[in-house]
There are 2 protein chains.
Amino acid sequence: MAKTGGYSRAATAPALGSLDFALDRGSPVPLYYQLAQQLEAAIEHGVLAPGNLLGNEIDLSVRLGLSRPTVRQAIQSLVDKGLLVRRRGVGTQVVHSQVKRPLELSSLYDDLEAAGQGPATRVVRNEGVQASADVAAALGVAEGSQVTILERLRSTHGQPVAFLCNYLPAGLLDLDTPRLEATGLYRMMRTAGITLHSARQTVGARCATADEAALLDEQEGAALLTMQRTAYDDTGRPVEYGTHIYRASRYAFDFQLLVRP
Amino acid sequence: MAKTGGYSRAATAPALGSLDFALDRGSPVPLYYQLAQQLEAAIEHGVLAPGNLLGNEIDLSVRLGLSRPTVRQAIQSLVDKGLLVRRRGVGTQVVHSQVKRPLELSSLYDDLEAAGQGPATRVVRNEGVQASADVAAALGVAEGSQVTILERLRSTHGQPVAFLCNYLPAGLLDLDTPRLEATGLYRMMRTAGITLHSARQTVGARCATADEAALLDEQEGAALLTMQRTAYDDTGRPVEYGTHIYRASRYAFDFQLLVRP
DNA sequence: AAGTGGTCTAGACCACTCG
DNA sequence: GAGTGGTCTAGACCACTTT
């Protein structure tokens, strides 16, 4: 057996040893967050390869001049992201990925935007209406009260992809049509200081009606992917209810699930 | 405007004061976890109502005889679940829910099982085959190598709902047909000591072929919801690849998204 | 100014895994 | 038995929100 003095670690830690983490105590960015970012970057760039052990937390904290809880907080945040796995008695290692990239739950931030295909949006309708029963229930307002209805047709490469119908509480947001066509609804909400917290989604399918087919440049009876979504801000109040239809021939939901331990 | 003097707290803390948390230091269950469970139960039963403040962490830790970090760990776990929201300078409050219940990412654990409709499963095929190119790519094995194919028809109330086709690395698991019909695939994996870590899913739609229609008791051309999924264990190795089709008339995916802060 | 959560420290002991 | 992560403590100072 090889000497353990500097070797058992040699197979796993050399990358780490040569990594220079630059921590700035003067920065307003928390130390654990600085460390987490630099670890993530190292994984991203392959400096830390899948399966590599990270070296124990005590050594790490000594080397970095941090306390162990701080180092743990950094590591834990990457475990939560699915980049690292901890095993008691073994160590912390980079997940044998396949995945890395699409870890964020997209589809809350406009689905097509994330697809990176330079989507175009045409606002078909943007006005106040009285809430119907289902809209009122979803938004938690009285039936018949004023809400904003927003209908958008989204295309990529000149071809329609989806028809989005959204309802928002009246006065929640300044829904400037030109800005809506230049960016996504969720981006506008964030800019307006609305912090999204959670959303409830139902994804189904059905065949296109004649009207829907005409709108989306499909044939009647073509398969459509449907989604209903209610989004809530961080106080738990509904900020948006939407009914979307997608051309199944041109779009599918693609996402990553992480299993909570 | 109402007086704010002594009211802001009076309306929020009484429920907590009367809560009796029973912490067992002899238990192998971590203290932070015991506390988190009891807080969750209190929220679940409405003892802590949406909007209620929790009282500051220092007081809580003193009252419970715990250190502040331990109390924070308990609270943080519920924040991660989306049950609580923290605001600096304000406090921690129960999220104005609407949601509470379906916070877990189901659809990893058998989708229909969770629906609570006493699903029935019929194993149509369960044997070894040579991996085709797409299956081999998904499972990370060589094309033509041995894998297990599993085809199941799932029904509720005597009506077919979905046709599930799965591929697994050969020898990963003892796929006993009777047990497969009595429980879900993921439950069998967990029992076998396989820890699921993440999954990549694509959800789409298409129209049923004649064969599919016959199998699912639909008409040709009916809308089907499709899902492809690759699941990974905690070392990042693929443990399952599946292609599923669902009758859109009888099934839809229903899930909750949490936005990471 | 007072109160809150956010961050950080420097230790301690335990439970688990592995050789 | 040696090494790892998991839990826990008792403090400290800071940034932010509200009065």
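**Close-up 1. H4(A) at DNA strand C.** With four residues, H4(A) gives the most to the surface near DNA strand C; "near" here means that a heavy atom of the residue lies within 4 Å of the strand. This is a predicted model, where local features need pLDDT of at least 70, side-chain atom pairs count only at pLDDT 80 or more, and totals for chains, interfaces and linings use all residues; side-chain values use heavy atoms, with hydrogens and water left out. Residues are numbered from 1 along each chain as its sequence is written, while chains are lettered from A and ligands numbered from 1 in the order in which they are written.

**Close-up 2. Who sits around DNA strand C.** There are 27 residues around DNA strand C, and Arg25(A), Leu31(A), Ser67(A), Thr70(A) and Asn56(B) come nearest. Of the atoms of DNA strand C that come within 4 Å of the protein, 68% are sugar and phosphate. Sorted by class, the surface near DNA strand C has eight nonpolar, 10 polar and nine charged residues. (Ala, Val, Leu, Ile, Met, Phe, Trp, Tyr, Cys and Pro count as nonpolar, Asp, Glu, Lys and Arg as charged, and the others, Gly among them, as polar.)

**Close-up 3. Side chains reaching DNA strand C.** For Asn56(B), a polar side-chain atom is 2.8 Å from a phosphate oxygen of DNA strand C. (Helices, H or I with at least four residues, and strands, E with at least two, are DSSP runs numbered from the N terminus.)

**Close-up 4. Over to DNA strand D.** DNA strand D is surrounded by 27 residues, with Asn56(A), Gly89(A), Arg25(B), Leu31(B) and Thr70(B) the closest. H5(B) gives the most to the surface near DNA strand D, with four residues.

**Close-up 5. Phosphate oxygens of DNA strand D.** Asn56(A) places a polar side-chain atom 2.8 Å from a phosphate oxygen of DNA strand D; for Arg72(A), the distance from a polar side-chain atom to a phosphate oxygen is 3.0 Å. Leu31(B) uses its backbone instead, with an N or O atom 2.4 Å from a phosphate oxygen of DNA strand D.

How values were computed: A polar contact is a pair of N or O atoms within 3.5 Å; within protein, one must be able to donate a hydrogen and the other to accept it, and residues adjacent in sequence count only if both atoms are side-chain atoms.
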